[in-house]
Amino acid sequence: MKKMGLIVTSLVVGLICFGGIQGQAAKLVTVATPYRQSRLQHLYHVKKVAKKKTVSLDIVLKPRQTKTLSQLALAVNTTDSQSFKGYLTPQQFRAKFGQSSATTSRLTRYFRACHLQATAANNGLLIRVKGHVATINKAFAVNLKTARYHGKKIQFSKQAPRLPKQVAQPIRAVVGVTNLMIAKSLTTKSPAQVKHLTAKRSPTKFLKQYHASNLATSGQQGAGQTVGIISFGHVPTAAIKHFWRQAGVPTTGRLETKTTGGATVMDNGDDSDDETALDAEQAGTIAPRAKVRVYTAKFSDIGWLDAFTTAFAENRASSLSLSWGLSENILRDLNRDHLLTPLYGDIMNTLLAQGAIQGISTFVASGDTGAYGQNLSESSAMPGIEADFPADSPWVTATGGSTLPIKKTFAPGISVNVTRERTWGGDIFFKGYHQHPLQFYQTPHLTRRVDGGQRWRYFTPIRDTEIPTRCCRRQYL
């Protein structure tokens, strides 16, 4: 009888929404996501979020066999391992590391009983939840508000999200209750201004520079492969195809778009269409027979999760490119102020490990400002050394930029002489800056180059760049 009673209770919890109901507080437990309004300083214009506003959350579930997960991600990508290239399918990954279908079905039924949309990912590690603020507040026992914080609009809750114990047990974190992401594009021009592709800036020069031209001539042009790109903007199809035509590569049936969801975080970001164009143009020209599939997401913490979860679930792209990064300094600030769950880094690493286990190569930008990251309250580079996240993940390949040989005078007394390819950075201007600082004050674009934050296009035919560089990226600021 006792055993049967437990089963009946579990079924009832799976069908009835208890969140926020008076008198049920003792039955609710805090989900491991510490949001506290008291930790936020300098809040102003505080107000409740409109009840009819739609909010999206990601319910992140606990992985199973976490130690084995890391070991396998390393083993299948290590040449002298017996498991080398023993990649798993998404279904095999879930069977080994994700929550069971029975668990995700029970949770989705529960959230739907709370009058929320709920969709489980096929890795058994994530459930997307969406609904009106009034419904979210009730289901998770929170009280969503907005405010201005460091000049940006944020969403937050004074209360931590709570759920019935039986519901919360397999849940690792609730992502999206509070959020703040600040983005700034470091590109120079909009893709709408694309004119003509010059040989000087053609991706074919990239192949020549790295002695890879024989790949194209020998027929190794990416046939049968799909290159995946994570994008937080729209896909400027016309600009991308125009570039491909100028480069003399096929344009028909190659460019694909997959919308993955997420939620815009208080309109603090930009569309980044130019970034998407740059990545797609490069990939589609260097591998002219490969398909380019762009996974679009809204710019947010859950946008990141949704984009990678979708790409790994499809298992179509053999490689993924992410041209965004987050300074570890900012990550600490967000964790300190409880604007982002402290588990977010671990959650992303688990997700990226899934890609590695499936044999998907993920390439992530190391940042436009090199070793000098930013913090939450400043818009300029801060002293100290900061890596970028998730380029610091062990399950991705971090990619940076390089400056090609060049000898040029940019202003009176400001000359650069790079004799061989070297790391991309503003320090090539340091000598001129110390000798002729007034020239930099009078020429703003040179000042930006000193801190390494200026974007120089190499591949996209916007205009001839003044310094030839390759592998241009962007980052959170």
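A residue counts as buried under 20% relative accessible area, as exposed over 50%, and as partly exposed in between (1.4 Å probe, protein chains only). The model is predicted, so to speak of local features takes a pLDDT of at least 70, side-chain atom pairs count only at pLDDT 80 or more, and totals for chains, interfaces and linings use all residues. Residues are numbered from 1 along each chain as its sequence is written, and side-chain values use heavy atoms, with hydrogens and water left out.

Most residues other than glycine have a negative phi, and most peptide bonds are trans. N315, not a glycine, has a positive phi of about 60°. N315 sits in the loop between helix 11 (301-314) and strand 13 (319-322); helices (H or I, at least four residues) and strands (E, at least two) are DSSP runs, numbered from the N terminus. With a relative accessible area of 31%, N315 is partly exposed. K85 is also no glycine, and its phi is positive too, at about 65°. This lysine lies in the loop between helix 2 and helix 3 and, at 54% relative accessibility, K85 counts as exposed. As for peptide bonds, the one joining F389 and P390 is cis, with omega about 5°. P390 belongs to the loop between strand 16 (388-389) and strand 17 (397-399).

The axes of helix 2 (residues 66-75) and helix 3 come within 10 Å and cross at roughly 145°; axes are lines fitted to C-alpha atoms, for helices over the stretch in contact, and angles run from 0 to 180 degrees between N-to-C directions. In this contact (heavy atoms within 4.5 Å), T68, L69 and L72 of helix 2 meet F93, K96 and F97 of helix 3.

What about the rings? Searching the whole structure turns up ten aromatic pairs. Rings of Phe, Tyr and Trp (its six-membered ring) pair if their centres lie within 6.5 Å; planes under 30 degrees apart count as stacked, over 60 as edge-to-face and the rest as tilted. F93 and F97 have ring centres 5.2 Å apart and planes at 45°, so this pair is tilted. Both lie in helix 3 (residues 90-97), four residues apart, about one turn of the helix, and both F93 and F97 are buried. Elsewhere, ring pairs link F232, W304, W324, Y344 and F389 into a cluster.
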